[in-house]
Amino acid sequence: MKNKNFSIIIIALVFFTVTACSSSSGERGMVPESTHTGSDTLVPVTITDKNLTFEAPYIFVIDGVNMDDFWSGYLPDVTIQNEWFHAADDGYSIAISGALKDEPEQGTLNLISVNSGYIITDSRQIMAPFKGGSLSVLNKESPKEFNLEVKDEQGTVYLVNFYNGIAAYKNEGYDDWKYWE
């Protein structure tokens, strides 16, 4: 009887392990199956932003009024403030700032990489660590081309590296940068 109970426990553990592994077998970064079109490949998203005609090297900030309408459809849950745009030889790096529509005190920054064929290759959303309202990219030149500064409505400024996210913060005008540990 003791061996039979032990065998049942082993079989149950093996079944549980196999079930758990198969439920998370998708590749990292893949869109869940429910958002696929039925095949195992993702449907590429091509952007139609009118600003893609600018050639490298070119970095600038576009205010929300002059942004292409494509972004409001691509980010329907975000109230958009402005766009940071970096044109490079191999594509574009774009940062869309704003706040969540259903939680306006939560600032958000969407970092989007686009290849030279205008297809989005990476898209991620970063939430501001402090709920100070909508974020706006500051239109000032950065010492490094993939760094930008964004400010919330309460006056907190965040130093953002396009590839690594938020690196530091300060109160506008009177604080030194405080870096994350």
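Strands are DSSP runs of type E with at least two residues, helices are runs of type H or I with at least four, and both are numbered from the N terminus. Two strands are taken to pair if DSSP finds at least two bridges between them. Strands of a sheet pair through backbone hydrogen bonds, either parallel or antiparallel.

Residues are numbered from 1 along each chain as its sequence is written, and side-chain values use heavy atoms, with hydrogens and water left out. Because the model is predicted, local features need pLDDT of at least 70 and side-chain atom pairs count only at pLDDT 80 or more, whereas totals for chains, interfaces and linings use all residues.

The predictor's confidence in each residue is given as pLDDT, on a scale from 0 to 100. For the protein chain the mean pLDDT is 77, and 75% of the residues reach 70 or more. Among the elements, β4 has the highest mean pLDDT (96) and helix α1 (residues 2-23) the lowest (44). Over residues 12-41 the pLDDT stays under 50, and the model has ten contacts beyond four places in sequence for this stretch. A contact means heavy atoms within 4.5 Å.

Thr-156 belongs to β8 (residues 156-161), and its bridge partner in β9 is Asn-171. Thr-156 has a relative accessibility of 10% and therefore counts as buried; buried means under 20% relative accessible area, exposed over 50%, and partly exposed in between (1.4 Å probe, protein chains only). Apart from neighbours within four places in sequence, the contacts of Thr-156 are Phe-130, Val-150, Lys-151, Tyr-169, Lys-170 and Asn-171.

Phe-146 is placed in the loop between β6 and β7 (147-151). The C-alpha atoms of Phe-146 and Val-160 are 8.3 Å apart, with the two residues separated by 14 residues in sequence. Val-160 is also one of the contacts of Phe-146 beyond four places in sequence, the others being Trp-84, His-86, Ser-93, Asn-161, Phe-162 and Tyr-163.

A further open sheet of five strands has the order β1-β2-β3-β4-β5, with antiparallel pairing. Its edge strands, β1 and β5, each pair on one side only. From one strand to the next the twist averages 15°, where axes are lines fitted to C-alpha atoms (for helices over the stretch in contact) and angles run from 0 to 180 degrees between N-to-C directions. Strand β1 (residues 58-63) is joined to strand β2 (residues 78-88) by six bridges, and the two run antiparallel. In this pairing Tyr-58 stands opposite Ala-87, and Phe-60 stands opposite Phe-85. Between β2 and strand β3 (residues 91-100), also antiparallel, there are ten bridges. Val-78 stands opposite Leu-100 in β3, and a hairpin through two residues joins β2 to β3.

Tyr-118 lies in the loop between β4 (103-115) and β5 (120-127). Although Tyr-118 is not a glycine, its phi is positive, at about 70°. With a relative accessibility of 35%, Tyr-118 counts as partly exposed.
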